[in-house]
Protein chains: 2
Amino acid sequence: MPTLTPKQREIVGRERKILDVARGMILEGGHGALSMDRIAEEIDYSKGTVYQHFSSKEDVVAALFIETCAQRTAMFQRACAFRGTTRERVTAIGVADRLFVTRHPDHFRIENLADLDIVFSKTSTQRQEMRNRIKKSMMQAMDRVVAEAVSAGDLELAEGVPHCQVLYGLWSLSVGHHTIRSSRDPSEQMALLPGWLSLWQNYLALLDGYGWTPLSTQWDYLASRDRIVAEAFPEFDPEDAQFDR
Amino acid sequence: MPTLTPKQREIVGRERKILDVARGMILEGGHGALSMDRIAEEIDYSKGTVYQHFSSKEDVVAALFIETCAQRTAMFQRACAFRGTTRERVTAIGVADRLFVTRHPDHFRIENLADLDIVFSKTSTQRQEMRNRIKKSMMQAMDRVVAEAVSAGDLELAEGVPHCQVLYGLWSLSVGHHTIRSSRDPSEQMALLPGWLSLWQNYLALLDGYGWTPLSTQWDYLASRDRIVAEAFPEFDPEDAQFDR
DNA sequence: GATTAAAATTGACGCGCCGTCAATAATGAC
DNA sequence: GTCATTATTGACGGCGCGTCAATTTTAATC
């Protein structure tokens, strides 16, 4: 086991601190509030030292993205392993998404930044590959659920419609929801259902529309939701997830 | 009729030019490529003059957003007036969205910028109100279609689900789609259906899932699509819309 | 056409931020 | 204790935003 010198430990700890400080800045004021000078100031090292860890501002954003995305992927994989019907498993992904967001309310701000081509283009190829690997493994886990559903007969797709089409629908709903909600303009909020329930309703409708059985009219998916939290994500308190907000 | 002095005409023309130049900059390189200094340079006036038209960089973005959004709203209103079943009308909104995007490929880049709270918070209240008014009239037109569908019996919503829930689903799908596609990362593009068709499929599934009749299994909505373009948007060439890409 | 008040235009300035780099200090191997 | 390697510093060049006092242009009036 390679034991670390005090110096090396200092370096590791500093990197952690940089990321934490940066995350806080983005959370409070978006990309504009993130400043390399301010990071240096807050961690009490010079700017040059910060640049020893990250080659640019975008590199920091990319690192943050990868960090949180890895956790997200891990949660999705756990969701996909849920023991239940295939539709319950795909539902579990939606639940995981919600639980994740309560833990990392900053992630979507970062994701919207990081997915702008510009960010990763300014980053080392190493980090680019890491990002692609993570995203890919997330997709793969989810794709497997759809494939299973098809082979189990729970889902019959029309001629010429690929598996991932269903996935893409759920993905779009989630991204759209988070994007819309992150702009906290009251005029948009209309007379909507409270936050997460509106996304949940759309999940139900989309999956029903694709004919993924058992349909929401034949099954109590709110009960499934509670079972999913209890069994796949026991470390989460259902209260904290605020499913009704 | 108030005739304009040469000076006033110059000012109006200059404002047009500023917006055009700014739009081009955002289109080519996003928010980062937009620079007040460069605008001044390109229109051959000093920076101070640019600031006579717009109070800040964000103000320019806001103006661009309002401009394009107004056109978008107008197209949606035309879509809602389409003569056909209620579901055809809501489909027409999706078609209008597509036609609009082909005309203004830069709009979603701008929308994603403009909806970040930060932008409009740095803008005059006048512009903020204008934005809210436009967004509201867009929502209202669409909401009317849903209300009609419910009262005509084409759509029955479950207990406690408000009208706009359906709208919110379509809206999320569209925003999600455009957001995902605007990050042109090949790894995400998976084995998807070509661009717009994947959004179309999800529209169909979502509306089927909400039970909006006639269902896609009972009606040829691709034929409706062509009729919609021909009747509601005759100025568009169906070729240009690239529905298959 | 001359006069003059109001409006428009200019560009230099202060400030903050990014990323670099030569100079300096700390580390640890021998 | 010596010295090569590695880490740290902060001043610097460059760029962009938004301001403002000074200057020019406009157009209304005599």
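Where in chain B does Pro214(B) lie? In this predicted model, Pro214(B) sits in the loop between helix 10 and helix 11 of chain B. The peptide bond that joins Thr213(B) and Pro214(B) is cis, with omega at about -5°. In chain A, a cis peptide bond joins Thr213(A) and Pro214(A), and omega is again about -5°. Pro214(A) is placed in the loop between helix 10 (195-209) and helix 11 (221-232) of chain A. Most peptide bonds are trans.

The overall make-up of chain A gives the setting. Chain A contains 245 residues, and 40% of them count as buried. When contacts between residues at least 6 apart in sequence are taken, 69% join residues at least 24 apart.

Helix 11 of chain B, which spans residues 221-232, can be checked for its length. With 12 residues at 1.5 Å a residue, the helix should span 16 Å, and its end C-alpha atoms are 15 Å apart, which agrees. The buried residues of helix 11 of chain B are Tyr221(B), Arg225(B), Ile228(B), Val229(B) and Ala232(B). Seen down the helix axis, these buried residues fall within an arc of 105°, so they line one face of helix 11 of chain B. The face turned away from that buried side carries Ala223(B) and Ala230(B), which are exposed. What do the buried residues of helix 11 of chain B pack against? Their partners are helix 4 (57-80), helix 5 (86-103), helix 10 (195-209) and helix 12 (238-241) of chain B.

Phe120(B) belongs to helix 7 (residues 117-121) of chain B. Is Phe120(B) buried or exposed? Phe120(B) counts as buried because it has 23 C-beta neighbours inside 10 Å, and the cut-off for burial is 20 or more. Leaving aside residues up to four places away in sequence, Phe120(B) touches Ala62(B), Ala114(B), Gln128(B) and Arg131(B). Ala141(B) stands 21 residues from Phe120(B) along the chain, and the C-alpha atoms of the two are separated by 24 Å.

Most residues other than glycine have a negative phi. Asp44(A) is not a glycine, yet its phi is positive, at about 60°. Asp44(A) is located in the loop between helix 2 (36-43) and helix 3 (47-53) of chain A. Asp44(A) counts as exposed because it has 9 C-beta neighbours inside 10 Å, and a residue is exposed at 12 or fewer. In chain B, the phi of Asp44(B) is also positive, near 60°, in a residue other than glycine. Asp44(B) is found in the loop between helix 2 (36-43) and helix 3 (47-53) of chain B. With 9 other C-beta atoms within 10 Å, Asp44(B) is exposed.

Definitions and conventions
Residues numbered from 1 in each chain as written. Chains lettered and ligands numbered in written order. Predicted model: local features only at pLDDT ≥ 70, side-chain atom pairs only at ≥ 80, totals over all residues. Helix = DSSP H or I, 4+ residues; strand = E, 2+ residues; numbered from the N terminus. Contact = placed C-beta atoms within 7 Å. Expected span 1.5 Å × (residues − 1). Arc of directions from axis to C-beta.
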